[in-house]
Protein chains: 2
Amino acid sequence: MARRIGIKDVAAAAGVSTATVSHVLNRVEGKRIGQKTRQRVWQAAEELGYAPNGLARGLRLQRSQTIGFVSDEIATTPHAGRMILGAQEAAAAEGLLLLLVNTSGDAELERTSIEMLLQRQVDGVLYAAMYHRTVRLPESLGATPTVLLDARSEDPAVPFVVPDEVQGGYTAVRELIHHGHRRIGVTVQTVDLPARQGRLEGYRKALAEAGIPYDPSLVAAETAVPFNTTPGDVETGYRAARRLLTAEQRPTALFCFNDRMAAGAYRAAAELGLSIPGQLSVIGFDNQELVCESVYPALSTVQLPHYEMGARAVAQLLALTKTPGRPPGPDTNALLLCPLVARASVASPPRL
Amino acid sequence: MARRIGIKDVAAAAGVSTATVSHVLNRVEGKRIGQKTRQRVWQAAEELGYAPNGLARGLRLQRSQTIGFVSDEIATTPHAGRMILGAQEAAAAEGLLLLLVNTSGDAELERTSIEMLLQRQVDGVLYAAMYHRTVRLPESLGATPTVLLDARSEDPAVPFVVPDEVQGGYTAVRELIHHGHRRIGVTVQTVDLPARQGRLEGYRKALAEAGIPYDPSLVAAETAVPFNTTPGDVETGYRAARRLLTAEQRPTALFCFNDRMAAGAYRAAAELGLSIPGQLSVIGFDNQELVCESVYPALSTVQLPHYEMGARAVAQLLALTKTPGRPPGPDTNALLLCPLVARASVASPPRL
DNA sequence: CCGGGTTGGTTAATCGTTTAGCCAACCGTG
DNA sequence: CACGGTTGGCTAAACGATTAACCAACCCGG
């Protein structure tokens with residue numbers, strides 16, 4: 001197989017030096033090259049199908065045009081896919097490529113993975129969690145520009161991009177209130193996450209705004225069993241919903257911590273003979289489309305803006321590499337809006 | 001910020017030449033270096049925290065220790081995540097990293113993406129589809145070792161890794177037969193894919209093996225409307241199932257082309273007052289966990305071995321790079337088994 | 001004491017780019 | 001004609017590794 005053609009092949013073909021080729025092809029400012037030579041170089045490059053060697057260029061320029069995407073979990077949800085996609089497309093638009101690694105939450109694996117990234121001279125790293133939580137950044141990333149994705153750090157100096165959980169919870173509950181609901185239950189898991197806190201805060205904010213008193217008995221927190229399963233699964237949602245719906249004064253609507261828990265609420269409602277949305281309105285969170293459209297009627301929910309988060313994180317990272325002294329101001333962080341996705345599970349409450 | 005430390009820093013610290021450092025650190029065979037010097041080099045490298053510069057090494061060795069993962073769609077299903085994860089972990093085990101790009105089915109985007117990959121001197125490319133289909137490989141990949149993932153090519157010379165759809169369909173239907181079903185309906189979409197063909201073939205094979213005559217009226221093929229939506233969605237599955245279940249002699253079990261269509265079957269069953277699995281058994285395909293566990297009772301299905309496919313594809317790619325002349329024998333391809341995932345939607349047929 | 005083998009390293013070229021600095025030719029002026 | 005300023009392009013030194021080729025020193029037998 002013929003050796004890949006390089007800049008010196010182009011130089012030879014055009015009858016100039018490699019320096020000239022480089023100058024022409026990179027349109028170096030302040031370098032004056034004659035029209036005719038320019039033409040010859042362009043043409044030669046074109047004919048030979050020249051493409052620069054990124055490794056060589058990276059070596060010379062001390063930048064690989066590559067960023068590392070470190071995530072704790074890639075496979076379990078489509079969330080990861082959307083974040084990656086957002087990041088990848090935003091990166092590609094800037095001529096950057098994503099180098100992907102997964103840590104599975106394993107510290108040792110994380111260490112070696114990051115080492116591999118650094119060896120390849122990544123220009124920066126996106127450190128992503130698959131649900132909004134607080135992480136501790138590995139020390140080896142100290143010298144590399146880093147942005148947290150769907151995660152926060154204890155260290156305020158490192159920028160993060162997260163969803164605005166409060167606004168999201170607020171949006172969900174306001175949707176219910178707009179339809180006339182006033183007794184709104186919440187089903188939630190018990191693990192304390194920024195997501196949990198934020199969404200509950202949004203719930204209270206929407207209630208307060210509508211002048212509805214906060215009733216703690218309407219908040220059903222349930223722990224996943226067995227203990228080591230993912231919190232916030234269907235089963236947990238089922239139990240929480242069942243508890244609320246069998247209480248003496250049952251709510252007319254349910255705000256579920258996530259779509260999977262909402263699927264559990266559907267099951268509880270079916271068991272109790274409550275039709276959705278006629279007798280019970282349900283709203284979820286996450287917009288996991290597979291879930292929302294597998295249940296019937298299709299689940300209204302609030303979307304986590306994963307694609308946008310990925311894209312935004314790349315933007316933040318780029319900003320970081322341009323201004324080396326990372327100013328830990330609030331402008332380096334981003335809270336992204338969670339829009340409502342209305343489907344068919346919310347209606348007006350039944351008239352009494 | 002201190003310049004990254006390189007091989008010459010180590011050399012200086014150990015009081016030797018860079019050549020010696022390289023020899024020691026790479027354990028070059030046939031090169032004899034004294035024990036003491038070895039020690040000094042190791043120690044110096046350790047203390048300085050030396051890590052080789054992958055770009056420089058790649059440039060010299062003409063190989064980047066990096067492989068490109070080109071996929072048409074990353075975000076819509078967790079399938080992509082599993083394939084990527086499998087590929088990533090298998091790659092990492094060999095010291096390789098994945099460079100990820102998404103084409104969104106856009107030919108122009110695909111062209112530029114692949115160009116970016118080639119510029120970075122990827123050692124090979126995994127070309128992945130998100131559902132089993134036939135693709136045409138871009139010409140620019142001609143000179144690069146390539147393996148198809150969940151896809152086949154018209155060109156027999158390019159190796160592929162795909163699920164064994166026939167065995168999968170066979171497995172699903174045999175599960176129903178084992179429970180005593182003899183009237184087994186199939187719901188399927190109308191687009192002609194390897195997946196569709198294979199699963200139907202597996203269906204007939206299982207039937208034949210059990211001595212059950214093939215009845216075409218039990219195969220409900222339905223087209224998605226509006227036309228441009230994804231084939232095989234919930235709605236399509238609903239319509240197909242409804243048709244079968246309202247026929248005069250309705251089947252006691254349904255084999256659905258995928259889990260989403262199975263979710264549609266659940267809805268049809270609910271409407272017709274048929275309980276699952278008491279009056280109707282349902283089995284899906286794909287093992288989309290979010291779907292399988294969002295419906296009630298949890299859906300039994302057949303798993304597409306995406307993780308394994310990703311891992312296997314990396315192995316094939318590695319084999320390819322080691323033996324440059326790609327022998328298009330069948331051993332360069334792989335058909336991976338689709339195991340049964342039994343949940344709660346299959347039981348014995350009701351006694352008449 | 002000489003010649004040849006072994007041991008333990010070093011020198012320098014190379015991978016494919018970029019870019020600072022140099023230089024030759026040319027042009028118009030005083 | 002000497003001279004400064006432009007124009008257009010070349011030379012050569014990086015970037016950080018690997019590796020073929022070379023070499024100095026030592027040892028040992030004859």
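# Questions on a two-chain model

Trainee: How many residues of chain A are in contact with chain B, and with how many residues of chain B?
Mentor: Contact means heavy atoms within 4.5 Å. By that rule, in this predicted model, the number in chain A is 50 and the number in chain B is 50.

Trainee: What pLDDT is needed for side-chain atom pairs to count?
Mentor: Residues are numbered from 1 along each chain as its sequence is written, while chains are lettered from A and ligands numbered from 1 in the order in which they are written. Side-chain values use heavy atoms, with hydrogens and water left out; in this predicted model, totals for chains, interfaces and linings use all residues, local features need pLDDT of at least 70, and side-chain atom pairs count only at pLDDT 80 or more.

Trainee: How much area do chain A and chain B bury between them?
Mentor: Buried area is the accessible area (1.4 Å probe) that two parts lose on being put together, summed over both. Carbon and sulfur atoms carry 66% of the total, which is about 4600 Å².

Trainee: Which residues of chain A lose the most area to chain B?
Mentor: Three residues together make up 15% of what the chain A side buries. They are Leu55(A), Leu97(A) and Leu290(A).

Trainee: Which element gives the most to the side of chain A that touches chain B?
Mentor: Helices (H or I, at least four residues) and strands (E, at least two) are DSSP runs, numbered from the N terminus. Elements giving two or more residues to this side are α4 (54–61), α5 (78–93), β2 (97–102), α6 (107–119), α10 (259–271) and α11 (289–294) of chain A. With seven residues, the element that gives the most is α5(A).

Trainee: How many nonpolar residues are on the side of chain A that touches chain B?
Mentor: Ala, Val, Leu, Ile, Met, Phe, Trp, Tyr, Cys and Pro count as nonpolar, Asp, Glu, Lys and Arg as charged, and the others, Gly among them, as polar. This side has seven charged residues and 16 polar ones, and its nonpolar residues number 27.

Trainee: Which residue of β2(B) is the bridge partner of Leu99(A)?
Mentor: Two strands pair if DSSP finds at least two bridges between them. Here three bridges join β2(A) to β2 (residues 97–102) of chain B, and the two strands run antiparallel. The partner of Leu99(A) is Leu99(B).

Trainee: Which strands stand at the edges of the open sheet of chain B?
Mentor: Four strands with parallel pairing form this sheet, in the order β7-β6-β8-β9. Each edge strand has a single partner, so one side of each is left without a neighbour in the sheet. These strands are β7 (219–222) and β9 (281–283) of chain B.

Trainee: At what angle to β8(B) does helix α10 of chain B run?
Mentor: Axes are lines fitted to C-alpha atoms, for helices over the stretch in contact, and angles run from 0 to 180 degrees between N-to-C directions. Helix α7 (residues 165–178) of chain B lies across β6 (184–189), β8 and β9 of chain B, at about 170 degrees to β8(B). Helix α10 (residues 259–271) of chain B also lies across β6, β8 and β9, and its angle to β8(B) is about 150 degrees.

Trainee: Which residue in β9(B) stands opposite Phe255(B)?
Mentor: Strand β8 (residues 253–256) of chain B is joined to β9(B) by three bridges, and the strands run parallel. Opposite Phe255(B) stands Ile283(B).

Trainee: How far apart are the closest N and O atoms of Asp215(A) and Arg183(A)?
Mentor: Asp215(A) lies in the loop between α8 (194–209) and β7 (219–222) of chain A, and Arg183(A) in the loop between α7 (165–178) and β6 (184–189) of chain A, 32 residues apart. The two form a salt bridge, and the distance between their closest N and O atoms is 3.9 Å.

Trainee: In which loop of chain B is Pro297(B)?
Mentor: The peptide bond from Tyr296(B) to Pro297(B) is cis, with omega near 0 degrees. Pro297(B) lies in the loop between α11 (289–294) and β10 (301–302) of chain B.

Conventions:
A salt bridge is a side-chain nitrogen of Lys or Arg within 4 Å of a carboxyl oxygen of Asp or Glu.
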